Structures are given as structure tokens and as C-alpha cells.
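Welcome, and please take a moment to look over the model below. We will walk through it together, step by step.

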Amino acid sequence: MPNAPSFSSVEQYIAAQPEEKQLVLSQLRQAVVANLPAGFHECINCNMIGYVVPHQLFPAGYHCNPELPLPFMNLAAQKSHYGFYHMGIYAMPELESWFRGRYAEVVPTKLDMGKSCIRFKNPKHTPYDLIGELVSKVSVDDWISV
């Protein structure tokens, strides 16, 4: 995206969002951080809030660019939605199946999901507890072994 701001910290990323998006983004972040398995590191990744496997745990890094840590999740405030990018859903069919089933049980709206991106358009229907549960299901070792 031309002229997109570049962020150096998660706090800076959140503060740069419109005020109405800051609360939802902070609540999503809290759901992630409270359930994040040991070893993942929070950072700015792809100019979004990212959760990665640091080089000290996986020296090979990201296969497309080994200088970057191995990515796992990202969180972003987009123009018309909040995006939660969870690579485990893309790489682990049983996790995707579990998530789709649980989502249908706890959220009254239709799931809006791509290969790894879950889009939330209405903050009232954002399942923070379910996101926390999803985050807790994949350890660093699980992710490295996929």
C-alpha cells in the first residue's frame, strides 16, 4: 500500500487507528496475549500486530525470507473489518474444522473467513473468548512441526 505508515510497536499501531477501532483491537489483542502459548513473540509483522516464532527458537526463520521470524498470527484493523490471521487454521484441517463448528455454536452471524483470515465486521459479534481458545490450541512446537 503506497504511503502506508510504518509502525515500530504494537502500542503505536493501536494508537494510530481511529478511536472507535482502538477498543476492539485492544480487546482482540488481550484475548490473544492472555492465551498465547509460551515461546511466541508479539511484534509488528507485515505492518500489523504479529505473533511469531523468534529466531532463537526457530533459526531457519520464514522460508520466503529467512531474515524474518516464522509468522503464525496477525491482527489488524482494516478499512471495513478487523482481521485475525491464524496460519494454523490454514495448515491444520482439524483445527479449521473445530473452529468452524465452535463458531457456529457461539456466534449468531455467518463466519466470514478466507484461508487464514477471520474477518469481524460487527464488534458486537466478535467472539473474544473463542479467539482466545483458538490461540491456546497450537504451541510453538506444534507450529514448527507443521
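Which residue forms a salt bridge with Arg-102? Glu-105 does, and the closest N and O atoms are 2.7 Å apart. The term salt bridge here stands for a side-chain nitrogen of Lys or Arg within 4 Å of a carboxyl oxygen of Asp or Glu. Before going on, note that this is a predicted model, in which local features need pLDDT of at least 70 and side-chain atom pairs count only at pLDDT 80 or more, while totals for chains, interfaces and linings use all residues. Residues are numbered from 1 along each chain as its sequence is written, and side-chain values use heavy atoms, with hydrogens and water left out.

Let us stay with that pair. Glu-105 and Arg-102 are three residues apart in helix H4, so about one helical turn separates them. Helices (H or I, at least four residues) and strands (E, at least two) are DSSP runs, numbered from the N terminus. Glu-105 is exposed, with a relative accessible area of 58%, whereas Arg-102 is partly exposed at 24%. For these words, buried means under 20% relative accessible area, exposed means over 50%, and partly exposed lies in between (1.4 Å probe, protein chains only).

Helix H4 covers residues 93-106, and it also holds Glu-96 and Arg-100, which sit four residues apart and so are separated by about one helical turn. Their side chains meet in a salt bridge of 2.8 Å, N to O. Glu-96 is partly exposed at 25%, and Arg-100 is partly exposed at 38%.

Across the whole structure, the search finds seven salt bridges. One of them links Asp-112 with Lys-121, with 3.5 Å between the closest N and O atoms. Asp-112 is partly exposed, at 23% relative accessible area, while Lys-121 reaches 55% and counts as exposed. Elsewhere, salt bridges with shared partners tie Glu-11, Arg-29 and Glu-42 into one network.

Now turn to the strands. Strand S4 spans residues 82-86, and five of its five residues are buried. In a regular strand the side chains alternate between the two faces of the sheet. In S4, Tyr-82, Phe-84 and His-86 point one way, and Gly-83 and Tyr-85 point the other way.

Which strands does S4 pair with? Two strands pair if DSSP finds at least two bridges between them. Five bridges join S3 to S4, and the two run antiparallel. A hairpin of four residues connects S3 to S4, and Met-73 stands opposite His-86 of S4. S4 is also joined by four bridges to strand S5 (residues 117-120), again in an antiparallel arrangement. Here Gly-83 has Arg-119 in S5 as its bridge partner.

Strand S3 (70-77), helix H3 (87-91) and helix H6 (140-145) each give two or more residues to the lining. The largest share, five residues, comes from S3. By class, the lining has 17 nonpolar, three polar and no charged residues. Ala, Val, Leu, Ile, Met, Phe, Trp, Tyr, Cys and Pro count as nonpolar, Asp, Glu, Lys and Arg as charged, and the others, Gly among them, as polar.
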